[in-house]
Amino acid sequence: MASVNEDSTLPCYDIKSAELSLVSLVLKTTDIQMLAVALAQQLGESPGFFDHDPVVIDVTSLGLADGVAFDLTDLTSVLRGNGLVPVAVKGAHPELLLMARGLGLVDGSDARVRRSVTLVEPQEQVAVSQPRKPQPEPQQMALIVDKPLRSGQQVYAKGRDLIVLAMVNAGAEVIADGHIHVYGALRGKAIAGARGNTQAQIFAQVMEPELISIAGVYRTSENALPKDVLGQVAQVSLQSGPDGDKLLITALKS
C-alpha cells in the first residue's frame with residue numbers, strides 16, 4: 001500500500017517558465033478545403049516535413065469580424081491530420097476566440113512571428129562507400145546549405161547535422177539536432193543539440209556568433225569570447241563538471 005505524505009507544506013511540484021519553438025500558420029484564405037489540398041501537396045513533396053510540431057493559427061491577415069463564419073473545427077482537424085498540433089490562435093475576434101477555447105486552444109495574441117523567409121531545400125549528400133556497403137538512411141544524412149544566410153533567415157536540421165558552406169550573417173539562425181558546421185563566418189545564432197543531444201558540437205571557420213547553444217546551455221555576445229577564439233577557426237562543445245554544464249570554446253590550430 002502506498003503511503004501518502006500528509007505534510008502539505010512540502011512542495012510536490014515546481015512551476016517554472018519555459019520556452020517552446022512554435023510553427024506559425026499565417027492564413028491567407030478562409031477556404032479550409034483549399035488549405036487541405038495545399039498541405040497534402042507539400043507533404044507529398046516533403047514527407048515528414050511536420051512531425052507533431054505545435055502550431056499557432058494566425059488569422060490576423062484575414063481581417064475576420066464578429067459574425068463572419070470560419071470553420072475552426074475543420075481547420076484543426078486538417079492540421080492534426082497533417083502532423084501539426086494546434087495550440088493557439090492569433091488575431092481572433094472575441095467570438096472566434098471563444099470557439100478556439102472550446103477546442104482547447106489558447107489566445108496567442110502575444111506570440112511573436114518571424115518574418116517569412118525563403119525555404120532552404122536540403123541537398124543530398126554524396127556518400128562514398130565500399131561496394132555492397134549499405135547506404136545511410138536519409139534521415140541520418142546532413143542538411144547542406146550552400147548559400148549565405150541573411151538576417152531573419154532560419155534553417156533547422158531536424159534529427160541530423162547541419163553543414164553551411166557559406167556565411168551565417170548577424171540576425172540569421174542555424175539550428176540542428178546534431179552538430180553544426182559553418183565553413184565561413186558565424187555571426188548569427190547557432191543552436192546545436194536542439195533536442196537535448198549533449199554530444200553535439202559547433203564548428204566555424206570564423207567564430208563571431210551572436211549566440212551559441214548546445215542542449216539548452218547558451219552564451220551570447222554580451223559575454224565576449226576570449227581573444228584567442230574570437231574570429232578564429234574554433235569549435236564549441238559541452239563540458240560537464242561539479243558546477244553543472246558549461247560551453248567549452250577552443251581554437252582549432254592548423
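The model is predicted, so local features need pLDDT of at least 70 and side-chain atom pairs count only at pLDDT 80 or more, while totals for chains, interfaces and linings use all residues. Residues are numbered from 1 along each chain as its sequence is written, and side-chain values use heavy atoms, with hydrogens and water left out.

**Overall picture**

- The protein's secondary structure consists of three helices and 15 strands; helices (H or I, at least four residues) and strands (E, at least two) are DSSP runs, numbered from the N terminus.
- Of its 254 residues, 34% count as buried, where buried means under 20% relative accessible area, exposed over 50%, and partly exposed in between (1.4 Å probe, protein chains only).
- Among contacts with a separation of 6 or more, 36% come from residues 24 or more positions apart, a contact being heavy atoms within 4.5 Å.

**Helix α2**

- Helix α2 spans residues 72–81, and its buried residues are Leu 72, Leu 75, Thr 76, Val 78 and Leu 79.
- Why do they sit on the same side of α2? They cover an arc of only 160 degrees around the axis, the arc being that of the directions from the helix axis to the C-beta atoms.
- Just after α2 comes Gly 83, with a positive phi of about 85 degrees.

**Salt bridges**

- How many salt bridges does the structure hold? There are two, each defined as a side-chain nitrogen of Lys or Arg within 4 Å of a carboxyl oxygen of Asp or Glu.
- One of them joins the side chains of Asp 177 and Arg 195, at 3.7 Å from N to O.
- This pair links distant parts of the chain, 18 residues apart: Asp 177 is in the loop between β8 (173–176) and β9 (180–186), and Arg 195 is in the loop between β10 (189–192) and β11 (202–207).
- Asp 177 is buried at 11% relative accessible area, whereas Arg 195 is exposed at 51%.
- Glu 208 and Arg 187 also form a salt bridge, with their closest N and O atoms 2.6 Å apart.
- Glu 208 lies in the loop between β11 and β12 (211–214) and Arg 187 in the loop between β9 and β10, so this pair ties together parts 21 residues apart in sequence.
- Glu 208 is partly exposed, with a relative accessible area of 29%, and Arg 187 is partly exposed at 31%.
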